[in-house]
Amino acid sequence: MRKIRTWMLFAAVALLAGCSTPAPEADEAAKHEVLPRPKFTLTAANSGKTSWLEVSEGAKIQLRENGTTGFLWQFQIRGDNSAFKIVDMGNTSLQTDEKLVGAPNLREIMIVALKPGSAWLVGEYRRSWEKDVPPADTVRFHFEVIPWKAIPGT
């Protein structure tokens, strides 16, 4: 009788363990990286200027694009590519009519400072299939990543 109870208890525990699933919030948290709050937001008007970030800080970049016509921003890091990383935040529609062809979007990316260094983030606005055509627009953002609490004038 004691063996039967032990086996029944073992079977019940195994059954219940197989039925457990993580909470939906845990699944969502695992899918999304925790990003720092942006210290500032840059737009095309800031192209060519230098921005300072301390290690572990972030900056948001917002640029208009029109994916329905094939034009998208393509980014690359030039210089010390270990100084920061690029995280794509996606697009936000700027139109209330989602079905409108040619409607612009707002592309958002986040720059996260990883270690001291200097690099440029270069964005080219182009159609991915047009290889021998110059970009319709180009932006360049210079970032100086410095150790925490070392920003000049603070």
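So, Trp73: this one is buried, with a relative accessible area of 5%, where buried means under 20% with a 1.4 Å probe and protein chains only. Before I go on, this is a predicted model, so local features need pLDDT of at least 70 and side-chain atom pairs count only at pLDDT 80 or more, while totals for chains, interfaces and linings use all residues. Residues are numbered from 1 along each chain as its sequence is written, and side-chain values use heavy atoms, with hydrogens and water left out.

Back to Trp73. Which residue forms a tilted aromatic pair with Trp73? That's Tyr125, at 5.0 Å centre to centre and 35 degrees between the planes. For rings of Phe, Tyr and Trp (its six-membered ring), a pair needs centres within 6.5 Å; planes under 30 degrees apart are stacked, over 60 edge-to-face, and the rest tilted. This pair links distant parts of the chain, as Trp73 sits in strand S4 (residues 71–79) and Tyr125 in strand S7, 52 residues apart. Strands here are DSSP runs of E, at least two residues, numbered from the N terminus. Tyr125 is buried too, at 14%. Phe71, Trp73, Phe75 and Tyr125 make up one aromatic cluster.

Now Arg126, also found in strand S7, residues 117–127. Is Arg126 buried or exposed? Its relative accessibility is 14%, so Arg126 counts as buried. A polar atom of its side chain lies 3.4 Å from the backbone oxygen of Glu130. Leaving out residues up to four places away in sequence, Arg126 touches several others, including Phe71, Leu72 and Pro134; contact means heavy atoms within 4.5 Å.

How values were computed: Helices (H or I, at least four residues) and strands (E, at least two) are DSSP runs, numbered from the N terminus. Buried means under 20% relative accessible area, exposed over 50%, partly exposed in between (1.4 Å probe, protein chains only). A polar contact is a pair of N or O atoms within 3.5 Å; within protein, one must be able to donate a hydrogen and the other to accept it, and residues adjacent in sequence count only if both atoms are side-chain atoms.
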